[in-house]
Every structure is written in structure tokens, then in C-alpha cells.
Amino acid sequence: MAARRVLRAVLVDLSGTLHIEDTAVPGAQEALRRLRDAPVVIRFVTNTTKECKRTLLERLRRLHFDIDEDEIFTSLTAARNLVEQSSVRPMLLVDDSALPDFQGIATDNPNAVLIGLAPEHFNYQTMNKAFRLVLDGAPIIAIHKARYYKRKDGLALGPGPFVTGLEYATDTKATVVGKPERTFFLEALRGTGCSTEESVMIGDDCRDDVGGAQNTGMLGILVKTGKYREGDEAKITPAPYLTCDSFPQAVEHILKNLL
């Protein structure tokens, strides 16, 4: 376990850590209330691309989580920022429920491919259209490359395999904007006044949540809910700062050992 350090910010993953679809992780709401009483900044960071931020916030509030919209930083937000900075017109290969986060973005005559989790659009015709655009020089912007995620009916493929398929077919590398990219974590902390060395990340994805955060200098806490599978903690180097059963246990550790 890493040496004790002063903690000023806590980054919390959402899907798989606080909730799984429309079911909250047991005790997560109360644990969040306890964490809010501590002298730390809290930010919620998610690679969720299947719904816009507004829909995600509505889901969290239905589950009785006390969260404000400006506390949430999503990979959709990061992707929109990159599209605007690059002045490209993307083919939006995202779920229809995520489209509100790209309102106002020009998509006519696309010259880029933006790809997230889009189960209804991952078919041969649509992927082939994206393939041809990339062959003609369009860059691939991957909202993230997660291998899989947790649904109530079990694990499900994430966008990573589809992004990798496009990369393989076109001999091109995608620009990835979500976790585990260093810039994603730095953007999530922007405006907090907190450094990565003063921050901890709690999540269920050993590589994207914990590994990505630790590569920026944060502590990483892996929880055994959501997509966690036995042995995940051995898949990254260095290993997670801490592996525990759930978000409430992670909060208990923070309150007792890091403040």
C-alpha cells in the first residue's frame, strides 16, 4: 500500500461503481453523503457514452444520489471538446440517446469518425461507411476503448473491439479521449485547484479507472462491483493502491486513512 499522503480530491466512476443501470450499489448513497462531509472535492468521471449527461443525471437522481451536473465529467464532453478544437465534421457513431451532447456540431459531409458505444449502429453497413471514410483520410476519434462493461444481464462488449476493428482494417490509430487517457483525468480536475498527487480515483475498471489514474500520479482504488472479475488487480503495474468490495468500503478507507 502506498505511503500516506494528503488527499484533497476524490474522482468517482459511475456505472459499475455507484450503480448498474437502474440499480444502485448497496449503501452507495449513504457512503456518498459521508464523503461529502469530508474536506475533499468530489468529481464524477465516466466513460459512459450510451446516454447524454442530462439523461445520466436524471438516472442518478432517480436513484437518490446527491449529484450536481457540473460535478460530472464524461468522455462525451471530452470528445465534443476535441471535435470543436479540431474543427472536423464527424460521422457520429454513437447511441441516439447520446446525441444531445453533440447538438450544434456540424455532421454534414463528414471528414472524421467519432465512435462510442452504439449497439444499435454496430452493423456491417454502418461500420463499412466508417471504414471507407477512414480509408479516405478521416481520423478516428474514439470516445473510449473499454473492452466490456456490466449490465444487469451480464457483461457486454464495449466500444473497444469495434474501434480496434476499424484500426486494424484501415491501418490507422484512433485518438482516444476517455479514460485511461492522462488528459481526461487532468481535465476532470480542472478548476478544482487540486493536483493529481492530492487525488484518488475509485472505479470498477482496473485498467481504465485505476491504471489510468495511477499513471497520472493519483491513487487508485479498485472496487469489486460492476465489471470487476477475479484477478483484475494483477493486470496492471503498479497494482491498485487498494482493492475492496464496494464503494462504501472505499469511502470508509478514505475517511479513516487518507484524511
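**Ground rules.** I number residues from 1 along each chain as its sequence is written, and my side-chain values use heavy atoms, leaving out hydrogens and water. Since the model is predicted, local features need pLDDT of at least 70 and side-chain atom pairs count only at pLDDT 80 or more, while totals for chains, interfaces and linings use all residues.

**Entry 1: the open sheet.** I began with an open sheet of four strands in the order β6-β7-β8-β11, with parallel pairing. Helices (H or I, at least four residues) and strands (E, at least two) are DSSP runs, numbered from the N terminus, and two strands pair if DSSP finds at least two bridges between them. β6 (90-93) and β11 (175-176) are the edge strands; each has a single partner, so one side of each lacks a neighbour in the sheet. Inside the sheet, I found three bridges between β7 (residues 112-115) and β8 (residues 140-142), which run parallel. Leu114 has Ile141 in β8 as its bridge partner. I also saw helix α4 (residues 124-135) lying across β6, β7 and β8, at about 150 degrees to β6. That angle is taken between N-to-C directions on a scale from 0 to 180 degrees, with axes fitted to C-alpha atoms, for helices over the stretch in contact; contact means heavy atoms within 4.5 Å.

Entry 2: Next I checked how enclosed β12 is. Five of its five residues are buried, so β12 is largely enclosed by the rest of the structure. Buried means under 20% relative accessible area, exposed over 50%, and partly exposed in between (1.4 Å probe, protein chains only). Ser199, Met201 and Gly203 point one way from β12, while Val200 and Ile202 point the other. β12 pairs with β1 in the parallel sense over four bridges, and with β13 likewise in the parallel sense over four bridges.

**Entry 3: Gly220.** I stayed in β13 to look at Gly220, which is buried at a relative accessible area of 0%. Leaving aside residues up to four places away in sequence, Gly220 touches Met201, Val210, Gln214, Pro240, Tyr241 and Leu242.

Entry 4: Which residues of helix α8 (residues 247-257) are buried? I listed Phe247, Ala250, Val251, His253 and Ile254. They span an arc of only 160 degrees around the axis, which puts them on the same side of α8; the arc is that of the directions from the helix axis to the C-beta atoms. Their cover includes β1 (9-12), α1 (28-36), β12 (199-203), β13 (219-223) and β14 (242-244).

**Entry 5: rings.** I finished with the aromatic pairs, and the structure holds three. Rings of Phe, Tyr and Trp (its six-membered ring) pair if their centres lie within 6.5 Å; planes under 30 degrees apart count as stacked, over 60 as edge-to-face and the rest as tilted. Phe73 and Phe184 make a tilted pair, 5.0 Å centre to centre with 50 degrees between the planes. Phe73 sits in β5 (residues 72-74) and Phe184 in α6 (residues 182-189), so this pair ties together parts 111 residues apart in sequence. Phe184 and Phe185 form an edge-to-face pair, at 5.9 Å and 90 degrees.
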